[in-house]
Amino acid sequence: MDIVDAIKAEHDRIEEMLEQLDDLAGNGPTLETVELAADLVARLRAHAMAERDVLYQACIRRGGALRELAQRAGLEHDALDAVLMRLRMLHPGGDGEMKAAVGVVRDLVSRHARDEEEALLLPKVAAGFPLAERLAMGEAFAAMEERALEARAEVHVGEPLSRATLATGPGLNDGEILP
Ligand SMILES: [Fe+2]
Ligand SMILES: [Fe+2]
């Protein structure tokens, strides 16, 4: 798949997950919310890593406006990552902290993915790289993202609501409130 299309499709998926998490984050701590938060962080980090290593590197090598946009995008990833690391440590529920963090992530993702990447960077990529190169980058992007998601054991929400804790908990099912 053309890397331009692959990245846009991924942005749509991420936005759906963010909407869903925003709806759930202020409710009681359920397994569904904790799992979704962990999935979201893992997916966003895998997306960012694959973009940086495949697309941004190619844009930086190309120079000019592509390099400037890619350098800026890399810094935006760093800012987003700081909030994602915070989100990993938060618990859903009444104190509203997770919902606040999800709101900040939504703002940053919307600005970065829609207003910068989709409006500015990707049209220049479509114009500046031949289709064969975009297809090759699309393949490399998908492969790198998949590898990063497979290695997601390292990406988990903080104790005590980690996956491990939940998995060994007393018969907790999706949607149940944690004890
Ligand atoms: Fe990005
Ligand atoms: Fe992106």
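Tutor: Of the 179 residues of the protein, 32% count as buried. The model is a predicted one, and its secondary structure consists of six helices and zero strands, following the pattern α-α-α-α-α-α along the sequence. Among contacts between residues at least 6 apart in sequence, 75% join residues at least 24 apart.

Within this arrangement, the part to examine is helix α4, which spans residues 97–128 and bends by about 55° at E117. E117 is also one of the buried residues of α4. The others listed with E117 are M98, A101, V102, V105, V109, H112, A113, L121, L122 and V125. An α-helix has 3.6 residues a turn, so residues three or four places apart point the same way. The cover over the buried residues of α4 includes α1 (3–25), α2 (31–62) and α3 (64–89).

Leaving aside residues up to four places away in sequence, L87 touches M98, A101, V102 and V105, together with A37 and V41. M98, A101, V102 and V105 are among the buried residues of α4.

L87 also belongs to the largest nonpolar core, which has 43 residues; V41, L55, C59 and L87 touch the most other members. Helices α1, α2, α3, α4 and α5 (131–150) each supply at least two residues of this core, and α2 gives the most, with 15 residues. In soluble globular proteins, nonpolar side chains tend to be buried together.

Terms used:
Residues are numbered from 1 along each chain as its sequence is written. Chains are lettered from A and ligands numbered from 1 in the order in which they are written. This is a predicted model: local features need pLDDT of at least 70, side-chain atom pairs count only at pLDDT 80 or more; totals for chains, interfaces and linings use all residues. Helices (H or I, at least four residues) and strands (E, at least two) are DSSP runs, numbered from the N terminus. A residue is buried if 20 or more other C-beta atoms lie within 10 Å of its own, exposed if 12 or fewer, and partly exposed in between; C-beta atoms are placed from the backbone. Two residues are in contact if their C-beta atoms, placed from the backbone, lie within 7 Å. The bend at a residue is the angle between axes fitted to the seven residues ending there and the seven starting there. A nonpolar core is a set of buried Ala, Val, Leu, Ile, Met, Phe, Trp, Tyr and Cys residues joined through C-beta atoms within 7 Å.
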